[in-house]
Amino acid sequence: MKLHTFVGSPQGRKVEAVIDHLALKVEIEYHDFFAGDLRSPDYVALNPNARVPTLVDGAFVLWESNAITQYLADKVPGNTLFPRDPQQRADVVRWQFWELAHFNRAFGTVAFETLVKPRLNLGPTDETLVAPALIELARTAPVLDGHLAKHPYMVGDGITIADYSMIRLESYRTGTAFDWAPYRHVNAYFDRMRNVKHWARSAPPSPSAVGARPKAA
Ligand SMILES: N[C@@H](CCC(=O)N[C@@H](CS)C(=O)NCC(=O)O)C(=O)O
């Protein structure tokens with residue numbers, strides 16, 4: 001199997017963490033986002049969205065990070081990352097939909113507009129995008145905080161793929177123009193999960209390495 005991603009891609013890091021957690025043998029190709037690799041005809045033929053991640057397993061090509069995490073977990077019998085029990089499984093899927101559609105969609109917009117753009121000199125912050133995203137983030141952060149006040153992980157007593165999905169933007173919390181102080185359970189969860197070795201190993205070596213082709217060892 002082969003994973004296409006770029007260094008530090010939050011959606012790609014979910015998948016890299018799952019690969020590491022399950023000790024799967026997957027070749028990882030890091031594309032250079034800034035050189036336009038994702039717009040190349042070869043890559044767009046694999047993923048017409050021109051986004052990462054994309055998994056290739058023989059003739060099967062799969063994009064959408066949460067679908068990839070489910071597919072990989074299902075390939076390893078008996079693992080606990082994506083439980084077989086229908087209710088636990090639906091719970092995992094529920095949080096993966098929620099993070100993509102609501103919480104991290106809003107967090108990602110605020111992080112990109114207020115932190116990533118200034119950091120990488122990508123133009124002015126678009127306040128018309130930031131304003132509704134802040135409203136959505138303020139609506140969803142208490143939901144996550146309330147859940148984490150009562151549960152150590154998103155589902156059950158251990159890490160599932162829902163956790164790797166939920167934490168994908170944790171490294172952008174500091175520096176993003178949102179007041180996280182009221183959400184102490186979210187902060188504690190992000191701090192704890194940040195040190196989980198499978199997640200930590202997917203981290204970029206530095207903020208400036210994000211999106212760039214890795215230097216040859
Ligand atoms: N819903 C998609 C989103 C993929 C996505 O937006 N990936 C980002 C990197 S985290 C990307 O490739 N961005 C490049 C671009 O938007 O041009 C997924 O979960 O895989």
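This is a predicted model: local features need pLDDT of at least 70, side-chain atom pairs count only at pLDDT 80 or more; totals for chains, interfaces and linings use all residues.
Domain bounds here come from an automatic or database domain assignment.

Figure 1. The protein chain divides into domain 1, covering 2-80 + 202-209, and domain 2, covering 86-196. Take the centres of domain 1 and domain 2 over C-alpha atoms, and 20 Å separate them.

**Figure 2. Now for the place where domain 1 touches domain 2.** Here 13 residues of domain 1 are in contact with 10 residues of domain 2. On the domain 1 side, the elements giving two or more residues are α1 (10-21) and α3 (65-74). It's α1 that brings the largest share of that side, with six residues. Sort the domain 1 side by class and you get six nonpolar, five polar and two charged residues.

**Figure 3. Next up is a four-stranded sheet.** The four strands line up in the order β2-β1-β3-β4, making an open sheet with mixed pairing. At the edges sit β2 (27-30) and β4 (60-63), each of which pairs on one side only. Ignoring direction, neighbouring strands of this sheet are turned by 20° against each other on average.

**Figure 4. Let's zoom in on β1 and β2, with a helix across them.** Strand β1 (residues 2-5) pairs with β2 in the parallel sense, and four bridges link the two. Look for Leu3, which stands opposite Ile28 in β2. Lying across both β1 and β2 is α1, which runs at about 150° to β1.

Figure 5. The axes of α1 and α3 come within 9 Å and cross at roughly 5°. Angles under 35 degrees count as roughly parallel, so α1 is roughly parallel to α3. From α1, the residues in the contact are Gln11, Lys14, Val15, Val18 and Ile19, and they meet Ser65, Ile68, Thr69, Leu72 and Ala73 in α3. In this contact of α1 with α3, six residues are nonpolar, three polar and one charged.

Figure 6. Helix α5 (residues 127-150) packs against helix α7 (residues 184-194) at an angle of about 70°, and their axes are 7 Å apart. That angle makes α5 roughly perpendicular to α7. On the α5 side you'll find Ala141, Leu144, Asp145, Leu148 and Ala149, which meet His185, Val186 and Tyr189 in α7. The residues of this contact of α5 with α7 come out as six nonpolar, one polar and one charged.

**Figure 7. Last, a look around the ligand.** Which residues surround the ligand? They are Ser9, Pro10, Gln11, Leu38, Ala50, Arg51, Val52, Pro53, Glu64 and Ser65. By class, this shell around the ligand is made up of five nonpolar, three polar and two charged residues.

Methods: Residues are numbered from 1 along each chain as its sequence is written. Axes are lines fitted to C-alpha atoms, for helices over the stretch in contact, and angles run from 0 to 180 degrees between N-to-C directions. Angles under 35 degrees count as roughly parallel, over 145 as roughly antiparallel, 65 to 115 as roughly perpendicular and the rest as oblique. Two residues are in contact if their C-beta atoms, placed from the backbone, lie within 7 Å. Ala, Val, Leu, Ile, Met, Phe, Trp, Tyr, Cys and Pro count as nonpolar, Asp, Glu, Lys and Arg as charged, and the others, Gly among them, as polar. A residue is near a molecule or strand if its C-beta atom, placed from the backbone, lies within 6 Å of it. Two strands pair if DSSP finds at least two bridges between them.
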